[in-house]
Amino acid sequence: MKSPHDTLMYQEAHAAADVIAQQLIANADLLADLGARLRARPPRCIVTCARGSSDHAAAYAKYVFETRLGVVTASASPSVSSIYEAPLRLEDGLFIAISQSGKSPDLLRSAEAAREGGAQLLALVNVEDSPLARMADTVIPLRAGPEHSVAATKSYLATLAAVLQLTACWSGDEALHAALQRLPGDLRQGWEADWSALDTGLRDVRNLFVVGRGYGFGAALEAALKFKETCGLHAEAFSAAEVRHGPMALVGAGFPVLVFAQDDGTREHTLAVAREFRERGAQVWVAAPGAAGPDALPLPPGVPAITTPLLAVQSFYRATSALSLARGYDPDVPPHLRKVTETL
């Protein structure tokens with residue numbers, strides 16, 4: 001039987017720090033040039049298009065683009081173009097298609113419709129000779145290398161790093177550049193964090209909530225997907241701003257909740273939601289920089305809020321590899337799934 005350290009999921013997640021360090025260097029000139037072009041002619045809006053983990057990266061990108069660039073960012077539904085064949089009006093817009101493989105038919109049709117609608121097409125893609133890359137006006141290579149586990153890990157984190165580097169070069173934000181410079185080291189430090197409480201605490205459960213807000217909401221979406229994909233565990237992601245509405249009715253004694261928080265204006269409210277869950281008797285784990293206590297999932301203190309979700313997701317991947325095996329699954333070969341999903 002595999003040990004947690006033997007899984008491809010573990011090994012590929014572990015490689016993320018080195019992948020990102022190399023990516024930041026290799027893409028520096030490309031993104032400096034793209035950033036200058038976008039400053040000279042800013043798009044009136046940004047539209048993202050992706051599925052699965054790539055769409056969770058797009059959710060993170062929305063918060064990054066809107067808070068650091070002030071450009072309204074929305075997610076496109078691929079079926080609008082691939083099934084309904086509706087024309088898009090995207091003059092002076094930036095359409096960002098995100099994909100590891102760059103070959104899903106619905107994504108390609110959406111990208112084609114965006115170009116026909118007047119948008120500039122930017123592709124964030126891991127396979128540089130893919131159909132999506134060939135179609136795009138500009139390609140930002142993720143440079144994650146081959147990823148063999150069905151569960152995407154290093155390619156997801158590389159996408160988030162590419163979003164940050166694009167934003168830093170576009171905005172000229174020196175603080176964001178500094179956060180990127182320290183990111184590989186922060187990831188290496190964060191990899192050593194002990195999240196074994198998650199492994200033992202979720203071994204026998206069937207359902208849970210994953211909660212985040214702002215920069216951390218995409219991490220919650222990604223974690224919920226990976227729980228389902230690799231552990232056979234039904235998990236649903238909610239914003240800390242929304243979970244007090246209808247979903248709160250399901251939370252009672254022993255109900256498991258995983259909470260992601262970062263050191264920005266969302267932290268106090270997110271931790272207050274975690275406390276409210278605990279008061280209802282829920283089993284709550286909190287991943288936050290400097291968190292302490294028996295149910296804390298540690299992250300290094302002092303990490304910039306905008307990069308904290310990368311560290312949280314990396315540690316989550318490591319813990320989930322162990323949890324998957326403990327629940328009798330193989331995280332590298334989830335049942336009924338393939339590495340490339342080609343949706344029409």
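Let me start with helix α12, residues 267–279: it has 13 residues and spans 18 Å from its first C-alpha to its last, close to the 18 Å expected at 1.5 Å a residue. That expected span is 1.5 Å times one less than the number of residues. Helices here are DSSP runs of H or I with at least four residues, strands are runs of E with at least two, and both are numbered from the N terminus.

Before I go on, this is a predicted model, where local features need pLDDT of at least 70, side-chain atom pairs count only at pLDDT 80 or more, and totals for chains, interfaces and linings use all residues. Residues are numbered from 1 along each chain as its sequence is written, and side-chain values use heavy atoms, with hydrogens and water left out.

Back to α12. Which residues of α12 are buried? They are T270, L271, V273, A274 and F277. Buried means under 20% relative accessible area, exposed means over 50%, and partly exposed is in between, with a 1.4 Å probe and protein chains only. Seen down the axis of α12, the buried residues fall within an arc of 150°, so they line one face of the helix. The arc is taken from the directions from the helix axis to the C-beta atoms. On the face turned away from the buried side are the exposed residues E268 and E279. After α12 comes G281, with a positive phi near 90°.

What do the buried residues of α12 pack against? They pack against β6 (207–212), β8 (256–260) and β9 (283–289), where contact means heavy atoms within 4.5 Å.

Those strands belong to an open sheet of five, in the order β7-β6-β8-β9-β10, with parallel pairing. Two strands pair if DSSP finds at least two bridges between them. β7 (234–239) and β10 (296–299) stand at the edges with a single partner strand each, so one side of each has no neighbour in the sheet. From one strand to the next, the twist averages 15°. Angles run from 0 to 180 degrees between N-to-C directions, and axes are lines fitted to C-alpha atoms, for helices over the stretch in contact.

Within this sheet, β9 and β10 pair in the parallel sense over four bridges, and P289 stands opposite L299 in β10. The direction of α12 makes about 160° with that of β9. Helix α11 (residues 217–231) lies across β6, β7 and β8, at about 170° to β7.

Now the other sheet. It is open, with five strands in the order β2-β1-β3-β4-β5 and parallel pairing. Its edges are β2 (73–75) and β5 (138–141), each with a single partner strand, so one side of each is left without a neighbour in the sheet. Neighbouring strands are turned by 20° against each other on average, direction ignored.

Six bridges join β3 (residues 93–99) to β4 (residues 120–125), and the two run parallel. I96 has L122 in β4 as its bridge partner. Helix α3 (residues 28–40) packs on this sheet, touching β3, β4 and β5.

Last, helix α6, residues 105–116. In α6, the buried residues are D106, L107, L108, S110, A111, A113 and A114. They are covered by elements including β1 (45–49), α5 (78–82), β3, β4 and α7 (131–135). α6 is followed by G118, whose phi is positive, near 100°.
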